[in-house]
Amino acid sequence: MAAVNKDIPHPAFEKIRSHQIRNLNITVEEYLHRGTGARHLHMAADNDENVFFVALRTFPMDSTGVAHILEHTALCGSERYPVRDPFFMMIRRSLNTFMNAFTSSDWTAYPFASMNRKDFDNLLSVYLDSVFFSKLDPLDFAQEGHRLEFEQPDDPTSDLVYRGIVYNEMKGAMSAPTARLWQSLSSHLFQTTTYHYNSGGEPDHIVDLRYEDLVAFYRHHYHPGNAIFATYGNIPAREHHEKFEELALKRFDRQDIDLPLRDEKRIFSPLRVEQGYAVSEDEGTEGKTHIVVGWLLEHSFDLQKNMEAQLLAAVLLENSASPLMRALENTDLGHAPSPLCGVEDSNREMTFVCGIEGSEPGRGEDLEKLIEETLAKVVSEGVSQERLEAILHQLELHQREIAGDRFPYGLQLIMQAISPMVHGGDPVALLDLEPVLADLREKIRDPDYVPGLVRRSLLENPHRVTLTLRPDTRLESQRQQYIREALARRKAELTEEERQAIVERAVALEERQQRKDDDSILPKVDLSDVPLQRPEPESRYDGDLGVTVYARGTNGLVYEQVVIPLPDLEEDELLLLPYFTTLLPEVGCGELDYLQMQDRISAESGGVGATTSAKGSIDDVQTLNGYLIVSGKALARNRSELTRLLRDVVMDARFDEQERVRELISQIRFRREQAVTGSGHALAMSAASQGMSPGAWLSFRLGGLEAIRAARKLDDSLAESAELKRLCEQLAALQGKIRNQARQYLLVAEEEHLKPMVQDVRDAWQGLEGQASAPWHPEPVSFRIKQAWLTSTQVNACARAYPTVPVDHPDAAPLTVLGGFLRNGYLHRAIREKGGAYGGGAGQDSVNGSFRFFSYRDPRFEETLEDFDRSLAWLQEERHDPQALEESILGVIGQLDRPRSPAGAARHAYHNHLFGRSPEQQARFRERVLATTLDDLQRVARTWLNPESASTAVVTSHENRGLAEQLGLSVEEL
């Protein structure tokens with residue numbers, strides 16, 4: 001039988017076009033399915049991390065969260081895989097490099113990525129069946145979405161309550177003021193289209209969604225004719241088509257799908273709106289008001305208009321030298337620019353937003369005046385050619401860069417293309433920016449071009465909303481009182497049959513959650529599919545200069561780091577480090593003030609950043625080493641400028657611009673405060689493990705809950721000029737102590753650029769050689785804590801931690817496997833499915849020597865802490881399937897083998913060596929993971945996870961103060 005020519009399209013698909021994009025090293029192929037009208041965008045690339053993505057256009061016209069709840073429920077069992085939880089079961093039966101699903105404002109997507117072909121095909125089979133042939137069991141809707149239940153599920157005399165995973169997820173999400181700010185602004189900018197509504201769901205509206213509504217929404221939207229398929233990698237498009245056709249598409253016919261796809265009705269007079277958001281009655285309200293101004297712009301899928309909007313945002317807001325950002329940073333109307341500042345182009349029509357946080361009610365008109373005056377000045381004075389060239393330089397650099405360290409690179413490209421595909425634009429044009437950049441370079445030669453954009457898009461655009469979001473200490477208590485009263489009325493109206501039906505559903509759900517499904521019907525990989533340890537990138541070392549170089553395919557970019565060992569620092573100097581690293585690239589340098597320095601960074605690089613990195617040694621977490629790392633990237637033609645730029649930042653940054661320092665500290669404070677809602681579980685784990693090693697203590701003090709409290713205290717103190725002057729002097733003294741240390745350098749680029757880069761380092765740093773000094777060796781740390789941190793939140797984050805071992809200890813590997821074993825076998829069911837939390841799990845932190853349990857957006861508190869303990873009893877008392885162990889081992893290997901970008905892989909290898917994580921050590925750890933047994937899991941749990949050594953931390957609401965004290969937790973006010 002003759003082999004099939006893979007270049008010939010599958011007969012079920014029509015090839016629309018093929019377009020090579022050299023800057024991205026891909027060929028984009030577009031196809032149409034003849035039978036259903038489904039579209040497929042394939043990005044052919046020489047990359048074995050293959051990505052699959054299918055999106056359905058979903059346009060909810062209410063805030064019940066129907067699209068979001070459907071995204072969850074669709075993954076709870078399908079025609080071919082009628083098990084209760086195939087999505088989470090496949091996560092642990094796979095070598096995937098990414099698996100998720102997410103709901104946007106007007107589409108819902110199901111993506112995954114894998115470097116293993118067998119695994120890719122397994123996941124594809126499950127995903128296609130879940131999306132197009134979902135079971136949508138009513139009990140899954142009750143679990144994932146919402147349900148009415150008695151507080152004691154089997155006791156109809158107890159109070160009625162609302163429960164559900166998405167319900168609790170959105171209670172947590174909408175506790176964040178910035179989430180409330182964006183949703184409120186969108187609802188007024190978009191008054192008639194889907195963007196008026198919260199696609200994730202408003203908790204008070206989620207409870208109105210009926211199961212029948214969910215099924216109807218599925219039947220209307222989840223048809224291949226409404227689907228967009230996208231793939232990336234080295235699997236040919238024809239092979240994808242064979243699978244798509246066989247597994248799903250051949251069973252469907254073309255269908256007309258009516259969607260409310262339309263432009264927003266324009267308003268012709270600006271609106272001013274004031275709304276409240278919930279803060280605790282125990283909190284003050286001063287300086288907690290947000291004020292933003294938003295404009296509705298033109299179509300996001302019009303490439304020319306989209307790029308003009310990006311140019312407009314960069315001109316006005318890119319950095320502190322940009323006129324509008326400078327005005328927002330310097331104004332006394334608020335403490336910091338709003339995190340919403342910028343262009344949002346994921347919707348059908350774009351929005352431009354600017355504003356402030358840390359303000360007071362009644363300042364909206366003054367902010368409008370400031371913004372209008374700033375924009376008018378830009379129109380009258382124009383923008384320099386140098387500034388515009390620097391902005392286009394940033395756009396070119398952004399397009400060229402091969403990312404993928406946190407998100408598969410192919411998925412990032414697909415995400416860029418999905419919006420125009422949903423809204424009717426050209427995805428290829430949006431990916432291939434070179435022609436439009438060339439066009440913009442010509443247009444900016446006209447001095448009236450950018451002023452005209454500012455005038456037409458903003459100053460003369462009446463579709464504008466000014467939103468003031470003020471703190472309200474009574475709002476949440478009023479809401480909760482209303483819910484209690486409504487539920488009490490509902491309970492009083494229940495018939496005996498209805499009461500019994502609620503109890504019976506709770507029993508049925510409990511039985512379903514406890515049921516052991518036959519997971520053998522799901523495809524899987526096993527340990528025989530695990531690859532050998534992937535070789536790390538090769539490096540070369542120049543001992544005279546202390547330069548390490550990596551030749552990598554970086555697509556015309558160069559990367560550079562200056563690595564400085566931390567000297568012996570006092571505690572007050574250590575606590576300054578996060579402020580120092582944040583300010584270092586943001587202040588003036590040498591003869592340049594901070595505004596001039598921002599322009600220089602933008603023109604010469606893709607950005608400069610500074611951070612500290614500290615890790616325990618591989619055999620002793622109490623022995624800590626730390627480094628200051630100053631990083632930058634640039635187009636290869638700017639390699640020399642990048643080297644000199646990093647030198648100047650390290651050696652000549654100045655901290656004498658006191659008002660600039662004051663502004664930046666205020667911004668740090670507000671960013672840290674906003675992190676609590678979204679990162680509560682990570683902050684709780686950091687607090688719980690703070691006493692287990694110097695690294696854990698440092699993480700807690702520099703980036704954890706204590707750091708948030710310290711930033712607020714520092715910011716408030718700087719109202720006194722003497723305190724501000726003292727801080728600037730301390731920062732300058734810290735710089736003097738660090739910059740003269742002996743340094744190392746990391747260079748990553750394509751081979752032809754490395755030799756001149758080494759010479760650039762030699763020339764730039766000649767005569768500035770540092771001196772080795774006494775190394776930093778913090779004192780050992782060992783203590784237990786039990787804390788409850790109180791803040792404004794509707795849900796909790798719980799954590800419990802145990803001191804364990806460093807990475808090269810023989811027990812580190814089984815402890816790492818144990819985390820996944822406990823999550824898969826017990827915690828997922830107990831905390832997420834039964835408890836209603838958005839997430840929960842456990843894991844070993846071998847850097848800091850701790851094993852940590854956590855929950856995320858959790859309606860419970862005491863019960864979750866009990867579940868942490870019960871999971872350890874379950875481990876010791878139950879008989880366990882060897883398959884569960886293999887799944888946990890696969891999960892660890894998948895994390896170890898997670899692919900990185902070319903530059904990211906080099907950085908990862910370099911920093912592993914810096915902290916003693918040699919290839920030999922990594923090979924030992926991998927071998928120990930693969931050799932882990934069930935007996936090992938039980939043994940390490942008995943050895944290290946003892947109740948007497950546990951520490952506990954919870955982030956919770958002020959309403960739970962009494963419970964926290966009852967449980968013996970010391971209360972900390974955040």
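Select strand β8, residues 147–150; strands are DSSP runs (E, at least two residues) and helices are DSSP runs (H or I, at least four), numbered from the N terminus. Both of its faces are covered, with Arg-147 and Glu-149 buried on one side and Leu-148 and Phe-150 buried on the other. Here buried means under 20% relative accessible area, exposed over 50%, and partly exposed in between (1.4 Å probe, protein chains only). This is a predicted model, in which local features need pLDDT of at least 70 and side-chain atom pairs count only at pLDDT 80 or more, while totals for chains, interfaces and linings use all residues. Residues are numbered from 1 along each chain as its sequence is written, and side-chain values use heavy atoms, with hydrogens and water left out.

Within β9, Val-161 is the bridge partner of Glu-149.

Now move to the open sheet of 6 strands, ordered β17-β18-β22-β19-β21-β20 with mixed pairing; two strands pair if DSSP finds at least two bridges between them. Because β17 (540–542) and β20 (608–617) each have a single partner strand, they stand at the edges, and one side of each is left without a neighbour in the sheet. From one strand to the next, the twist averages 20°. Strands of a sheet pair through backbone hydrogen bonds, either parallel or antiparallel. Select β18 (547–551) and β22 (744–749) to view a parallel pair joined by 5 bridges; Val-547 has Tyr-745 as its bridge partner in β22.

Axes are lines fitted to C-alpha atoms, for helices over the stretch in contact (heavy atoms within 4.5 Å), and angles run from 0 to 180 degrees between N-to-C directions.

Then select helices α31 (882–896) and α33 (919–930), whose axes are 9 Å apart and which pack at an angle of about 160°. They are therefore roughly antiparallel to each other, a term for angles over 145 degrees. Their contact is made by Ile-889, Val-892, Ile-893 and Leu-896 of α31 and by Phe-925, Arg-926, Val-929 and Leu-930 of α33.

Finally, select Arg-251, in the loop between α9 (237–247) and β11 (271–278). Arg-251 is partly exposed, with a relative accessible area of 47%. Leaving aside residues up to four places away in sequence, Arg-251 touches Glu-79 and Phe-133.

Conventions. Parallel < 35°, antiparallel > 145°, perpendicular 65-115°, else oblique.
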